Amino acid sequence: MTEKTGNPYDMDSSVFDSEKYLEKLLKDCTLKQIMDTETAVIKDTQTLHSDMQTLVYENYNKFISATDTIRKMKNDFKQMESDMNLLRTKMQTITSFSEQITDTLQGTRSQLCRLSEKHSLLKRLQFLSSLPAKLKGLIEEQNYAQAVQDYLHAQKVFAQYGRQPSFDGIQRDCESILLDLKERLRTDFQMASNTAQSLSEIGELLLQLDEKPADLANEMLTCASKRLHEQIVLLQDQTERDMIEFVDMGIEGFLNDLTLVVTSYFDMFVAKNHEKKGGDDFQEQALRQLNIFLNQNVDKYLTLVQDRVESDIGFGDTQIMLRALDRLNRRLLAMRNICHGLDIQRNTVDIIIAAAHQLCEVHTKSLRDHFSDSLSSVRLALVSAKSDSNNGSNLNELITNLYVSMVEKVKGVLQDLLVFLQTDWSFNIKAEYKGALCVEGIRENLLIGFLRHISKVMCSFADASSSSPPNLLLVLSKTCLEMEQNGVHILITLVDDLYEIDSENSAVLTHETEICAEMRETAQTLLDAYVRLQGTNISQMLRKSVETRDWLNCLEPRSVRAVMKRVVEELASIETVVASLYEAGVRTTASSDSSRKTHFSTLTTSKQQFRSNWSNYTPSQLESSYVSNIHRLFSERIDIFTNVDFSKVSIVTGIIKIGLKTLLECVRLRTFSKFGLQQVQVDTHYLQMNLWRFVTDENLVNFLLDEILGSAVHRCLESILMEPNAVEIICERG
């Protein structure tokens with residue numbers, strides 16, 4: 001700022017030198033810059049000139065306004081001066097008149113004062129003389145408060161003039177009347193029918209009549225307890241009212257009376273300083289007794305409310321119940337602040353948390369009942385189905401309905417329980433330790449417990465003793481798989497989001513992967529049970545067909561046995577049903593010669609896959625057991641009862657393995673004639689023609705069929721096989 005002020009080249013500076021500025025401008029600037037500078041200076045000069053004119057005009061207007069104002073003030077002051085002179089003259093006149101009046105009345109003033117004192121004394125004497133009769137009249141009218149006030153007012157006069165004989169009789173009459181009044185007040189005070197307000201009024205009157213505060217305090221609490229107990233009994237009979245009406249009735253009746261008793265007791269015995277009656281010790285004892293009285297009655301009322309809540313849980317509207325408890329909680333919070341030193345130990349939040357726990361149990365039972373009903377509906381639908389071979393779409397519909405009904409039911413329950421966490425309530429159960437545990441319990445006991453219940457119940461259907469329909473096992477297995485893939489994640493994510501639970505970082509909460517693993521394990525168990533059951537059904541057909549036939553007296557085979565056709569049809573039906581639920585799965589690439597005509601043909605040169613070549617051996621070769629032993633030696637071990645994959649080919653393969661293994665064991669127990677062996681040859685070739693398309697690896701079917709035919713050869717009395725061409729013709733005709 002200093003540099004700018006002392007700069008001779010600055011037009012705004014006080015030391016501006018026009019010659020130097022012009023010289024510097026001509027020296028440093030071009031012609032265009034000089035002309036621009038000239039234009040700018042002219043413009044600034046015109047602006048300043050205009051501003052100066054405006055400033056002059058404004059100042060001129062202000063000067064004119066100031067002149068007018070001064071002229072007006074001068075006129076006003078002249079008028080005010082004349083008014084003040086007139087006022088001074090009138091005040092002097094008033095002062096003169098006042099002095100004259102004072103001088104005139106000075107003599108009678110003292111006489112008026114004496115007369116007034118005598119009149120007051122006469123009124124007191126009249127009041128005292130009529131006091132006994134007045135007290136009796138007030139007592140008969142039951143206007144006890146006015147009677148006490150009149151007596152207390154008269155005590156001051158008795159204290160001053162009571163020794164005189166004329167007043168002594170009046171005093172004795174009044175004391176006698178007051179004794180009767182005390183007895184009547186005590187009788188009324190001890191009546192249980194008195195309201196809290198009447199107790200307070202009577203107690204206050206007895207204290208004014210110098211009754212002992214300690215005795216009066218005990219009697220007041222005893223009488224109030226009787227009255228409050230009657231209201232508790234009255235509330236117990238209000239079962240037909242809804243929850244809001246029930247709580248409102250308790251607030252307007254019981255809690256209002258309790259509040260009035262507490263505040264009156266506090267004002268009469270705790271807040272007042274009864275120095276002559278016990279002092280601070282009495283006040284401490286009175287406060288302690290009041291706390292005990294308050295908590296006992298609040299506990300009785302809240303116990304009654306809790307019993308009502310427990311009876312309404314599961315039958316009434318949760319929103320209405322919580323609205324009623326919210327009103328009660330607000331009232332109890334207000335009661336905590338009515339008097340200093342009082343402490344209400346029990347609160348409504350404990351009841352609300354207990355209600356949440358109980359509602360969780362009710363909803364848990366509801367979910368389990370709903371799940372049981374859904375399972376019954378599924379079983380009924382499966383039983384009422386006319387044909388299992390064409391109900392793939394029906395099974396999908398059953399699975400969808402079962403899955404959706406379970407998930408939606410759980411969602412509805414979680415939304416219903418969310419009402420406990422609404423922000424507009426006066427309570428926050430998550431702020432309490434027990435409440436936080438309750439919220440976590442909704443997740444663990446309700447949701448996780450229900451999901452585990454689903455898994456356990458479904459898994460029980462896999463027990464062999466349950467005699468469940470095969471398609472029921474398939475439906476339940478697929479439902480568990482859907483729960484594992486989608487349902488568990490949806491529900492656990494929902495409960496964590498709704499209730500703001502951080503399950504990822506919790507060491508005590510169940511993780512989603514645990515439930516998914518349990519669901520998948522249950523789905524696997526049910527699917528394995530389905531495979532075993534269907535395999536057992538196929539096995540029974542094959543076993544009966546082997547055991548009921550006389551293989552030693554068979555005729556030359558002319559066709560495939562009907563049971564083999566029935567087995568293939570049954571497997572085709574099973575494949576149709578399974579294909580509607582599961583993906584096809586991965587199959588081993590079939591060799592180029594895989595067809596219905598290759599298994600027992602003479603194409604023995606193929607070395608790519610294992611082939612059964614019983615039809616190519618001579619009778620002398622068939623007598624040797626080394627052929628089958630060599631086959632077994634170079635073949636992989638086949639596990640019959642293993643877990644299957646969640647795919648069509650794996651499921652059907654498992655069923656076929658059980659059926660063919662049963663057929664193999666049954667063949668090993670029979671003895672065959674030549675035609676019996678040839679019948680087995682025809683049946684196995686027919687099975688090979690039809691079963692290869694059902695399985696993951698046709699080599700597995702070929703191996704088992706080779707085992708069956710090999711066992712029949714070993715058990716045959718005359719091991720002569722039919723020509724392959726004849727076998728193919730019979731199977732094609734079949």
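**Exercise 1. Find which residues have the most contacts inside the largest nonpolar core.**

Solution. The largest nonpolar core has 162 residues, and Leu-258, Phe-420 and Tyr-530 have the most contacts inside it. Such a core is a set of buried Ala, Val, Leu, Ile, Met, Phe, Trp, Tyr and Cys residues joined through side-chain atoms within 4.5 Å. Next, look for the main contributor: helix α8 (residues 243-271) gives the most to this core, with 15 residues. Helices here are DSSP runs (H or I, at least four residues), numbered from the N terminus.

A word on the model before we go on. It is predicted, so local features need pLDDT of at least 70 and side-chain atom pairs count only at pLDDT 80 or more, while totals for chains, interfaces and linings use all residues. Residues are numbered from 1 along each chain as its sequence is written, and side-chain values use heavy atoms, leaving out hydrogens and water.

**Exercise 2. List the contacts of Phe-420 beyond its neighbours within four places in sequence.**

Solution. Contact means heavy atoms within 4.5 Å. With the sequence neighbours set aside, the partners of Phe-420 include Thr-318, Met-321, Leu-322, Trp-425 and Phe-427.

**Exercise 3. Work out which parts the salt bridge of Arg-327 ties together.**

Solution. Start with the pair: Arg-327 bridges to Asp-248, with the closest N and O atoms 2.7 Å apart. Arg-327 lies in helix α10 (residues 318-335) and Asp-248 in helix α8, so the bridge joins parts 79 residues apart in sequence. A salt bridge needs a side-chain nitrogen of Lys or Arg within 4 Å of a carboxyl oxygen of Asp or Glu. The structure holds 22 of these salt bridges.

**Exercise 4. Decide whether Glu-484 is buried or exposed.**

Solution. The cut-offs on relative accessible area are under 20% for buried, over 50% for exposed, and in between for partly exposed (1.4 Å probe, protein chains only). Glu-484 has 17%, so it counts as buried. Its side chain meets that of Arg-520 in a salt bridge (3.2 Å, N to O). Glu-484 lies in helix α14 (residues 470-498) and Arg-520 in helix α15 (residues 512-547), so this pair ties together parts 36 residues apart in sequence. Arg-520 counts as partly exposed, because its relative accessibility is 37%.

**Exercise 5. Find where pLDDT stays under 50.**

Solution. pLDDT is the predictor's confidence in each residue, from 0 to 100. The chain averages 77, and 74% of the residues score at least 70. Over residues 591-626, pLDDT stays under 50.

Terms used
Helix = DSSP H or I, 4+ residues; strand = E, 2+ residues; numbered from the N terminus.
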